[in-house]
Amino acid sequence: GDRTDTLLQTDDLVKTFGGFTATDEVDFSVEEGELRCLIGPNGAGKSTLLKLITGTLAPTEGSIYYDGHDVTDLEPNERVARGISMKFQVPSVYGDLSVRENARLPIQQFADGEERRRRVQEAIDAAGLTGTEDVDASTLSHGQQQQLEISMAASLEPDLLLLDEPVAGLSVDERAEIADRITTLNEEEGIAFVVIEHDTDFVAEIADNVTVLHKGDIFREGSIGDIESDPAVKRIYLGT
Ligand code: ADP
Ligand code: MG
């Protein structure tokens, strides 16, 4: 997409849990319409950084600017209304609710009546789940559940969509479908993405740019080609 302006900027963002620093003075930015992948070893602080951006976690220090405004003190719902939406690492689909009931959950506080019905059905259709509206979500495959979760996050009509490990545990075919979905949302709707994913083939397929997080701070940023060929990046994954 067009990269004219900074959509998101964190400024010296810090998050500590007790004495442990999970986010260490991070200056992370995303341009409008950009598709950025966030990688790094387990425990690097990837999920924590995205939760700080959504407001699910409050920072210990630092600021978050979105669309030119300081959103550091806004509640998660207020950030959703501004255009920030997230699919979390931990599954949030309720297995004992129907596909339609799940799809309705995120939208219900932002739309009602005919508009809500339309957006719920669009979310189901975009996930490739037309015809499954009334079945329990527990009967869906893991790939279908991830598609439903992406739809639920996208149905909030964000300008920035944060996806925490959307293809973990999926088959090659399911991963390709998720890659298509992300690329389509990015190119056709102009949604900027931050996608946490380990698989470098998947990252190479979708990402404009890559940020490597290590020990709570940005270690490298660049194209996937630059990142993959960087021996220092290889070393942090090996833990040497
Ligand atoms: P990643 O997503 O990169 O694997 P996380 O952001 O989940 O890493 O976690 C970063 C570090 O912060 C880890 O060492 C983790 O144990 C710690 N951490 C995350 N959340 C909490 C929490 N709620 N309480 C204590 N420690 C936490
Ligand atoms: Mg994580």
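The following dialogue examines a predicted model through the reasons behind the terms used for it.

Trainee: Why is Glu61 called exposed?

Mentor: Glu61 has 12 C-beta neighbours inside 10 Å.

Trainee: Where is Glu61 found, and which residues does Glu61 touch?

Mentor: Glu61 belongs to strand β5, which covers residues 61-66. Leaving out residues up to four places away in sequence, Glu61 touches Asp12 and Val14. Contact requires C-beta atoms within 7 Å.

Trainee: How far apart are Glu61 and Asp24 in sequence and in space?

Mentor: They are separated by 37 residues in sequence and by 9.5 Å in space, C-alpha to C-alpha.

Trainee: Which residues surround ligand 1, and which element gives the largest share of the shell?

Mentor: Among the residues surrounding ligand 1 are Phe17, Phe20, Asn42, Lys46, Ser47 and Thr48. The largest share, three residues, comes from α1.

Trainee: What makes up the shell around ligand 1 by class?

Mentor: The shell has four nonpolar, six polar and one charged residues. Gly is counted as polar, and Gly40, Gly43 and Gly45 are among the residues around the ligand.

Trainee: Which residues have the most contacts inside the largest nonpolar core?

Mentor: They are Phe193 and Val195, in a core of 60 residues. Apart from neighbours within four places in sequence, Phe193 is in contact with Leu35, Arg36, Leu161, Leu163, Ile182 and Asn186.

Conventions: Residues are numbered from 1 along each chain as its sequence is written. Chains are lettered from A and ligands numbered from 1 in the order in which they are written. This is a predicted model: local features need pLDDT of at least 70, side-chain atom pairs count only at pLDDT 80 or more; totals for chains, interfaces and linings use all residues. A residue is near a molecule or strand if its C-beta atom, placed from the backbone, lies within 6 Å of it. Helices (H or I, at least four residues) and strands (E, at least two) are DSSP runs, numbered from the N terminus. A residue is buried if 20 or more other C-beta atoms lie within 10 Å of its own, exposed if 12 or fewer, and partly exposed in between; C-beta atoms are placed from the backbone. Two residues are in contact if their C-beta atoms, placed from the backbone, lie within 7 Å. A nonpolar core is a set of buried Ala, Val, Leu, Ile, Met, Phe, Trp, Tyr and Cys residues joined through C-beta atoms within 7 Å.
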